[in-house]
Structure formats: structure tokens, C-alpha cells
Amino acid sequence: MTLEVQNLHVRTEDREILHGVDLVVKKGETHALMGPNGSGKSTLANTLMGNPSYEVTEGRILLNGEDLTEADPDERARAGLFMAFQYPATIPGVSVANFLRMAMNAGREEPIKVKEFGALLGKNMELLKIDRAFTSRYLNEGFSGGEKKRAEILQLAMLQPEFAVLDETDSGLDIDALRIVAEGVNAMRGAERGFLIITHYTRILEYVKPDFVHILLDGRIVREGGSELADELEDKGYEFVREGVAASGA
Amino acid sequence: MAPEFVEDRRRAALEVYESQDVPTWRRSGFWTTSLRGLDLDALEPRRYDSLDSAIVRDHLGDEEHAALIVQQGANVVHCDVADERIIVMPLEEAVEKHADLVEEWFAKRLPYDEGKFPAGTAAFWTGGVFVYVPDNVRIEKPIQAVWLIEEPGTVQWAHSLVVVGENAECKLREYFLAPDFEGQALHAGAFELYARPGAQVHLAHYQDWGSGEVHDISVRRVEVQRDAHVKWVPIHLGGHLTKQTLDIITAEPGSDMRHTGMYFTERDEHLDLFTTDKHEAGHTTGDTVWKGALTGESRASYEGLIHIVPKAPEVDTYLQTHQMLLSPKAKGDAIPSLIVEVDNVKASHGGTVGELDPEQIFYMMTRGIPRAEAVRVLVEGYFEEVVMRLDDPGLEDLVRRRISEKLADAEDQVREFIGERAEAS
């Protein structure tokens, strides 16, 4: 059971951003994709989910062997893919609770029972230290940065996808919020789920230890390794990686 | 024979009506409201013996009311008053039975010479609605008035007069309804409401003239007196051509109003609204929000003015208007404006015309929600802010249901439009 990206080339408007990315995430694994600003991290996340603003010009996205490269975002979601957004959209007039119920029911034959939904929501809100009143607010309307990220992780916890992409979920979070979010993610890790954590910084990786680390630079994955690679990056910075790439003539 | 103050006004208005041509309203930009398509001479007032209307039943449901008055065509066909403390009757009857009371307020805010159609209404009105809630009387259940056009070829000259006494409280709804028919009709309406000092009024106007060629040319004015509060909710869910002037006047210190409007246009409907939030006295407050959505080849223009006259300091008022285009062939504008003739007031306004945000649709789809449902939820969510402000559960349900039905009708064109936009971006 895998999420597989093969030779992915992606462009927006008039510029190619990803120049052939290969990546395999197996269920049960947690991968970190790291890179500086502008390296193409968010492009990869958005392309995985089928954002129509990005065009795949070459390569494929496979989920459990099924080609999703041309699939609509809702089909991908129902196939088991999830993304926590860096900048989630505001949905006026729709409460957090109603939105969650709608999203859960979208992937089901029979709508979830009110009791079951309530119990699950209560449990996950406790996990993420979310206040009751939060669920009756309109999704992301007037939310602080931290509240938005928590709402994303709450959706992740409710929807229980097979593969979750976290797009810079750590950015803009203070240390307490980061710890809560990280604990939420850790609680969901397990043999039945794969994670791709996209981040600029190494901080979240102190709480969510990745099995694999990939470094994305200028639209290409230039280095790969275990969690020690994140430590190396922490010490030496992206410039060091860039110089290494230049020296090897890649 | 009606009293002199009524007959004199009819005569004077008739002169104005006969001396003026059918107007065309033009504004800067693309906007024109023309009645060229209306064959006025082919229309006539029609009288009916009794009420038998599925559409009235469908809209009113079985909610209990304090009073219900229904005018079909040219005459009132139903009037029952369950609450004996109030007066609700045809205006024709009220000008005779309660001449003094009516004369004090009748047309106080409705000059007969402000255009051909207001003059026509002043000259030709029949039937009519009169509502009087005496001082200190509090009515829980709604007072409902219905203006019904059952068949094409009808002209309805309409006049409603509402007086809510000092410290009185009431909820009033006026419905404007017609079944879907083929052919033309005209509703030329005048509405006036006076909220006496300390009164609390919850007023709704619900318009759905169906898919026939019903033209609605109306003037509605609400006067809010000292320390009175009026919540006014105009809802436009249908009408071939609508040209309306909606004014709410905070006339004395301490008066407060909250004005929440919405519209949903479809097919080739044409909606032209001009609202004024007029502050004639200092220490008055206002809050106006209008939201609309357009589908099909419809046209909608909303212009909202805040007008603060000289000698009205310490006014605090706000107006915002939003419009959402859901079809490539729909066209509209939403213009907030401001005339402030005094210092030391707080008045602000804002307006947007937009489309559904593709990022919102993408976001919802990544949660497994299909595109059509995402669009429906987003448009309903867009309206929800104003639906909540209706503060009237029966009406809220009706409006939600009708918006949902209209969106279902427009689903194909919305999908096509959103698809086009996504590819272009």
C-alpha cells in the first residue's frame, strides 16, 4: 500500500516548478519533505491533491497502484488522500461541526450516526485540546493561525485517511500549539497510515520523528536519508546542501 | 365615498400620472432599467370573490398568526384577525372606519408626485392593507399580509399603511407572490410604516413573483421615531423586472435600525434596487447588510446610500453590500455611497462584487465533497450570514429551502462557469 510519485513535472501559468520528482511513501511510514522557500514544496502538496491551478506535464501520481494524476480532488480524498493546508480557505456560514459531518459523509454510503459522530468529535477535540465552542464557529472564519492548523489536524483525525500530507503545518505555530499538533499527529501514526510532512524547519521533526527525509531544492529532490539528515540540516542549513549539489555538478 | 383627504390625493396624483411618460431609469455605466417590454394598456385590475391559492398555502404553511390579510389582484379576498387588540383591515375600509387615525399618517412619507408609478399607485390603489398596533400592545405571532397576482394581464396598485404605537411590539411580514404563468402583470406598490417612540418592529418583505413577466415598481418607506427599533428584512427571490426604492429613516434621536436584504436572480430577471439609510436626527444608529447572487442571464443592481442630514451629529451607521456572480452571462453591480452633511458622525460602507473562490471549492473537494455540493454549500454559506439576521425561524427555513432549490436549478451553468474559471486561472 503506497503513495507513489513518478517523475513528476508540474507547472503553473508559465513556469515549470517541479522538474521530475520521485517519491514513495508506504503505509506505516512517516516521511519529511524539507526545502527552502520557493523549492516547490507546496506545489508538490497541491499537485498531490489535484489543485487545478497546477498542471502536471509529465509523470504520474499513484495511490495503491491506482493512477490519480487526472483525478478530481474529491476523488483523491475518497481514495484515501488528505492534505492539511498551509493556508486553509475560510468557509463562511458552515460550522466546523457541520463541515466535518459533511466531509465524513462524503466518503460513506450511509451517513454517520449522530451519536457516533459526537463521540468521535469529543475524543479528537480532547486530543487536540480544542474547546467545545470551537465547533460551532464558521470554519476558519476569524481563526488565529494556530486555530486554523488545529482545525486542519482535527479534520485529519476525523477523516482517518490512508495517506496524509501536512503542508507546513508547523509554520506560524508557537511551541505549545506545535506540541499539541505534533501529539495529534503522533496519535494517528500507525501501520495503517502514511505521512508526508512538508516543512521548512526541523522543529516539528523533534516531536514527530520521520523515518525518511527528502530535501527538495529548485524543484528536484537532491538528497535523501533517514532522520539524521534533518539533524545535519539543522546544523548546516540549506546553503550547505545547495553548495553540495553545485559541487557534485548536478 | 372615501374621505376628502383620500379623494384629493387621488385627483392630484392622477394629473401627475397622466402628464408623465413611462420612465426609463439610467445610471452611469451599463445600467438601464427600461419598461419598453411592458404593455401597460393591456393590463387591468381584476377582482376575485374568494381566496384559493396553493402558492399562499405553500409559503405561509400552518404557522399561527395574529392576523392574515390577502389581496388578490385588486381586492382583499381574505382578512382574519386573531388578536383583537390590533386593527388589520383593507385600507379602503380603514379610511372610512378609522378616518382620523388613518389621516394622521396616510402618505406622510409617500409624496404622490415622485414619478409616474408612485402617482399611479396614489391615484388608483384599491383594497390595500392597514395595520395598527396600539400603544403598549405586544404581539408575539406575526401579522401577515399577502399581495397575490394569480393570473397574467393583472395590474395591482398596492398601498400598505402600518402604524406601530408607542412602546408597542410586533412582527409583520408582507409576501408578494405569483404562480409561474406566461404573460405580463404589474404590481405598483407603496408601503409606509411608522414606528412610534419606543416601538419594536420586526418587518419582512418576501418577494417571489415566479417565472411569469411580473413587473414590480414599488416604493417602501419606514420611519423610525424616538428610541424605536426596526429590523427590516427585504428578500427578493423572483421577479421578471423589479424596480424598487427602499428607504429607512431614523427620524428622531435614539432611533435604531437594522436592515438586512438579500436577492437571488435567475433566468433573464432584472432587479434594480435603491436603498437609503437616512438619518434625520442625531444620536441615531444603523446597520445595513445586503447580499445577492446572480445566475442565468440575470441583471441585478443594488445601490445603497447612507444619508446623514445637517444637524444630525453622533450618528453611527454602517452599510455593506456583497454580490456574487454564478454565471458568465449574469451582470450586476453593488454600489455603496455616502452623503454626510455634518461632522462628528461615524459612517462607513463597503461593497464587493465577486465570484466563488476556486480555492474554497478546491479546499472542500480535498475533503471528499463533490464540486456541485461544494458550490451549493458555499453559496448557502454566503447567504447564511443574512439568513441568520432574519431572526425568524419560519422565514429562515423558507428562504434556505428556496435558495437551495434555485441553486439546484442552476447547477449545470454554475458547474460550467466554475470549470471555465479554474482552467483560466
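**Figure 1. Ten strands side by side: the open sheet of chain B.** In this predicted model, 10 strands of chain B line up as an open sheet with mixed pairing. Reading across the sheet, the order is β4-β3-β7-β9-β11-β13-β15-β17-β19-β21. Find the two ends of that row: β4 (75-81) and β21 (346-355) of chain B are the edge strands, and each has a single partner, so one side of each is left without a neighbour in the sheet. From one strand to the next, the twist averages 5°.

**Figure 2. A closer look at one strand pair, β17 and β19 of chain B.** Strands in a sheet pair through backbone hydrogen bonds, and they can do so in a parallel or an antiparallel way. Which way do β17 and β19 of chain B run? Strand β17 (residues 285-294) and strand β19 (residues 316-325) of chain B are parallel, and 10 bridges join them.

**Figure 3. Two helices lying across the strands of chain B.** Helix α7 (residues 371-390) of chain B lies across β11 (200-208), β13 (229-236), β15 (256-265), β17 and β19 of chain B. Its direction makes an angle of about 145° with β17(B). Helix α8 (residues 393-409) of chain B lies across β9 (169-177), β11, β13 and β15 of chain B. Here the angle is about 25°, taken against β11(B).

Figure 4. Why can helix α6 (residues 358-365) of chain B be called largely enclosed by the rest of the structure? Six of its eight residues are buried, so the rest of the structure largely encloses helix α6 of chain B. You can pick out the buried residues of α6(B) by name: B:Q360, B:I361, B:F362, B:Y363, B:M364 and B:M365.

**Figure 5. A hairpin in chain A.** Strand β11 (residues 212-217) and strand β12 (residues 220-225) of chain A pair in the antiparallel sense, with five bridges between them. One bridge to look for links A:L216 with A:I221 in β12(A). Together β11(A) and β12(A) make a hairpin, with two residues between the strands. In the turn, A:D218 has a positive phi of about 50°.

**Figure 6. Where chain A meets chain B.** How many residues does each chain bring to the contact? Chain A gives 22 residues and chain B gives 22 residues. On the chain A side, α2 (73-79), β7 (91-95) and α3 (96-106) each supply at least two residues. Sorted by class, the side of chain A that touches chain B has 14 nonpolar, five polar and three charged residues.

**Figure 7. Stepping back to see each chain whole.** Chain A has eight helices and 12 strands. Its radius of gyration is 18 Å, close to the 18 Å that the globule rule gives for 250 residues, so chain A is as compact as a globular protein of that length. The C-alpha trace of chain A spans about 60 × 40 × 35 Å along its principal axes, and 42% of its 250 residues count as buried. Chain B has nine helices and 21 strands. For chain B the radius of gyration is 21 Å, close to the 22 Å from the globule rule for 425 residues, so chain B too is as compact as a globular protein of that length. Along the principal axes, the C-alpha atoms of chain B fill a box of roughly 65 × 55 × 45 Å, and buried residues make up 50% of its 425 residues.

Conventions
Residues numbered from 1 in each chain as written. Chains lettered and ligands numbered in written order. Predicted model: local features only at pLDDT ≥ 70, side-chain atom pairs only at ≥ 80, totals over all residues. Buried ≥ 20, exposed ≤ 12 C-beta atoms within 10 Å, placed from the backbone. Helix = DSSP H or I, 4+ residues; strand = E, 2+ residues; numbered from the N terminus. Contact = placed C-beta atoms within 7 Å. Nonpolar A, V, L, I, M, F, W, Y, C, P; charged D, E, K, R; others polar. Pairing = 2+ DSSP bridges. Axes fitted to C-alpha atoms, helices over the stretch in contact; angles between N-to-C directions. Rg over C-alpha atoms; globule rule 2.2 N^0.38 Å.
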